[in-house]
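Notebook open, structure loaded. I wanted to look up a handful of spots and jot down what turned up.

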Amino acid sequence: MVLSCHNISKAFLENRVLANVSFHIEDYEKAAIVGVNGAGKTTLLRILVGEMAADEGTVTLSKGKTLGYLAQDGAVDTANTIYEELLSVKQHLVDLERRIRQCELAMQAKEGSALEALMKQYASLTHAFETGDGYLYKSELTGVLKGLGFPESEFGKPVSTLSGGQKTRVALGKLLLQRPDLIILDEPTNHLDMNSIAWLETYLMNYKGAVIIVSHDRYFLNRIATKVIEIDQTKSTVFTGNYSDYAVKKEQLRAAAMVAYLNQQREIRHQEEVIEKLRSCNTEKSVRRAESRAKLLEKMDVLEKPTEVRTDMRIRLTPRKQSGNDVLTVEKLGKAFGRQLLFENVDFEIKRGEHVAVIGDNGTGKTTLLKILNRVLPPDSGSFRLGMNVEIGYYDQEHHVLHREKTLFEEISDDYPYLNNTEIRNILAAFLFTGDDVFKRIESLSGGERGRVSLAKLMLGNANFLILDEPTNHLDIASKEILEDALNSYEGTVLYVSHDRYFINRTAHRILDLTAQRFVNYIGNYDYYLEKHDTVMAAVGAPQTGTASATLPDSSSAGTAASASSAKSIEPDAKQDWLAKKEEQARIRKKENDLKKCEEKIAALEDRNAEIDALLSDPAIGTQVARLQELTTEQAGLQETLEKLYAEWEVLAE
């Protein structure tokens, strides 16, 4: 065992964040800590590494084990270059190498016993150098830097000139080179492109040590994690397996808890009916029996109704009107900044109802493309045109659609003056802004909060063509799943840029991969892209004169690159397989939606049942015979409907 965490509790004033959190980490184990934003994940990490003291409980690092921690804003020495900063981790090997060279020079001028002493020292130094992988450290350092997205041309770049995200990547590189027995990473993929994330996944899977990760990247967690530790409402629960295994088991537990809750509610209602009948008999014996049953009922440990975090936030994206079939046509589009060419001669089309994801390395021009389409930036060459009745809804990661000086309430009311106060508050509440939160200024919000405000405005816009730039940035997993469900049920057209592979997998019908100043087209989701990537790149690898887009070649011409103007279709069998998968996913989503609607109906009827019980207990109502009869009839009808819904719920839950 590497680490043991026993009954950790932490509160900030009256806000309890963690309560009796316990788990352990074994040698070589890869564990993920998940939970909604604000659940206490980062607080737990800071307690594990000793940056913060727990109010109660103990954290034990096994004797002789080392620990390395990367916070979201990893600290680095800005006086060094990128290469020097990583080299500082191997300073002991640099010093050994220098002493070996000095020893070699000194031996040339020595003889006899002095030479013999130097030779012994030289042998000792070289042995220490070899056992410390001294002959590999330079190539290891270079490999880590390249894997994290730094080309050799940037190795000499001063750390002081780097962005915050680049500095975090340098800090991550330093941590990986230290090779501690336990690596603790807080959102390590936030500042990495897809290639760097894939490299990090492979590195961590093969790492000869244990890893604890806090991340919202579900694809990353699926590949890395062998254990999931969930922090939910201050408590911890440990699940074996990766994120998908956890999600299935979590839903099974929720479903089982719902069955237990519904069964207990039935029993409670049955006992209450029996008690009421016994009391109505008005005999001494029946009254005693009623009191006995009532006491037993009072002692019952009443189960809480299971809740779903994702029901707190709902997004409904509904186009006001339908666009024409041709939504967007791009022809010979090109853009450069100075001598840096981003893309040129780009041709592609988007049809109504398509969900198209744009992927590619950082700095290749993905966001620039979206800004051009939204007329924020002009193209250097080429043109694009929108189809008939196309209305764009734009979500940009810098949230330029927001006014920093306004409050949340003003941001909505000024743009949508036809909404009344209650409607505005309800919309903001759907995105988790309640009470006095609506009077916060935009400039005071976090990145995730601004993202939620932008999504609220997007929902109100009723656009039929959504253009989204990194829509899942700063969203927790539950919020991402809500957005995915909204896009999957959206009847309009979507074009978005994202590094979130799980999100792409769930929502994309097509992928445009921006590579080598051109777009390569894949008709499928992210898994399909991975499956076909090497084949396609081999086919379109050679630069095509005057061609900036390529589509997946068919099986009869795998070695020939295809431009957008002569697009070839994907293999029929592969396409049918993919369509079948999408149909199955749609069927499952429909069942999930039916289950959710059933639960909502049950909750509404149970609430009304409780209201009627309260009314029947009101002495003022007791004298109104007609009203009593009306309420009793309504309650009987409710009970009959509830019984049917309970049966329907059990079928759907299975």
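Predicted model: local features only at pLDDT ≥ 70, side-chain atom pairs only at ≥ 80, totals over all residues.

**Entry 1: threonine 472.** I started with a side-chain pair: threonine 472 and aspartate 500 make a polar contact of 3.4 Å. Where does threonine 472 sit? I found threonine 472 in the loop between strand 15 (465-469) and helix 15 (477-488). Is threonine 472 buried or exposed? Its relative accessible area is 5%, so I put threonine 472 down as buried, the cut-off being under 20%. I then listed what threonine 472 touches, skipping residues up to four places away in sequence: Lys480, Leu483, Ser498, Asp500 and Phe503. Asp500, then, is on the list of residues touched and is also the partner in the polar contact.

**Entry 2: the whole protein.** I stepped back for the overall numbers. I got 20 helices and 19 strands for the secondary structure. The protein has 654 residues, and 47% of them count as buried. Its accessible surface comes to about 32,500 Å², with 50% of that belonging to carbon and sulfur atoms. I also looked at contacts between residues at least 6 apart in sequence: 67% of these join residues at least 24 apart.

**Entry 3: strand 6.** Next I went to strand 6, residues 182-186. How many of its residues are buried? I counted 5 of 5, so the strand goes down as mostly covered, with under 20% relative accessible area as the cut-off. In a regular strand, side chains alternate between the two faces of the sheet. I therefore checked each side of strand 6 in turn, counting a residue as buried under 20%. Leu182, Ile184 and Asp186 are buried on one side, and Ile183 and Leu185 are buried on the other.

Which strands pair with strand 6? I found strand 5 (residues 67-70), running parallel to strand 6 and joined to it by 4 bridges. One pairing I wrote down there is tyrosine 69 with isoleucine 184 of strand 6 as its bridge partner. Strand 7 (residues 210-214) is also parallel to strand 6, joined by 5 bridges. There I noted leucine 185 opposite isoleucine 213 of strand 7. I traced the chain as well: strand 6, helix 7 (residues 194-205) and strand 7 make a right-handed β-α-β unit.

**Entry 4: cysteines.** How many disulfides are there in the whole structure? My search came back with 0. Cysteine 5 has a relative accessible area of 2%, so I noted it as buried. Cysteine 103 is at 4% relative accessibility and therefore counts as buried.

**Entry 5: leucine 96.** I found leucine 96 in helix 3 (residues 91-107). Its relative accessible area is 14%, so I have leucine 96 as buried. Leaving aside neighbours within four places in sequence, leucine 96 is in contact with Leu125, Ala128 and Phe129. I also took one C-alpha to C-alpha distance: leucine 96 and glycine 132 are 10.0 Å apart in space and 36 residues apart in sequence.

**Entry 6: threonine 81.** Last stop. Threonine 81 is in the loop between strand 5 and helix 2 (82-87). At a relative accessible area of 18%, threonine 81 is under the 20% cut-off, so I logged it as buried. What does threonine 81 contact, leaving aside neighbours within four places in sequence? I wrote down Phe155, Gly156, Lys157, Pro158 and Val159.

Methods. Residues numbered from 1 in each chain as written. Heavy atoms only, no water. Helix = DSSP H or I, 4+ residues; strand = E, 2+ residues; numbered from the N terminus. Buried < 20%, exposed > 50% of the residue type's maximum accessible area, 1.4 Å probe, protein only. Polar contact = N/O pair within 3.5 Å; in protein donor to acceptor, adjacent residues only side chain to side chain. Contact = heavy atoms within 4.5 Å. Areas by Shrake-Rupley, 256 points an atom, 1.4 Å probe, with all protein chains shown as cover. Pairing = 2+ DSSP bridges. Right-handed = clockwise from strand over helix to strand, strands pointing away. Disulfide = S-S within 2.5 Å.
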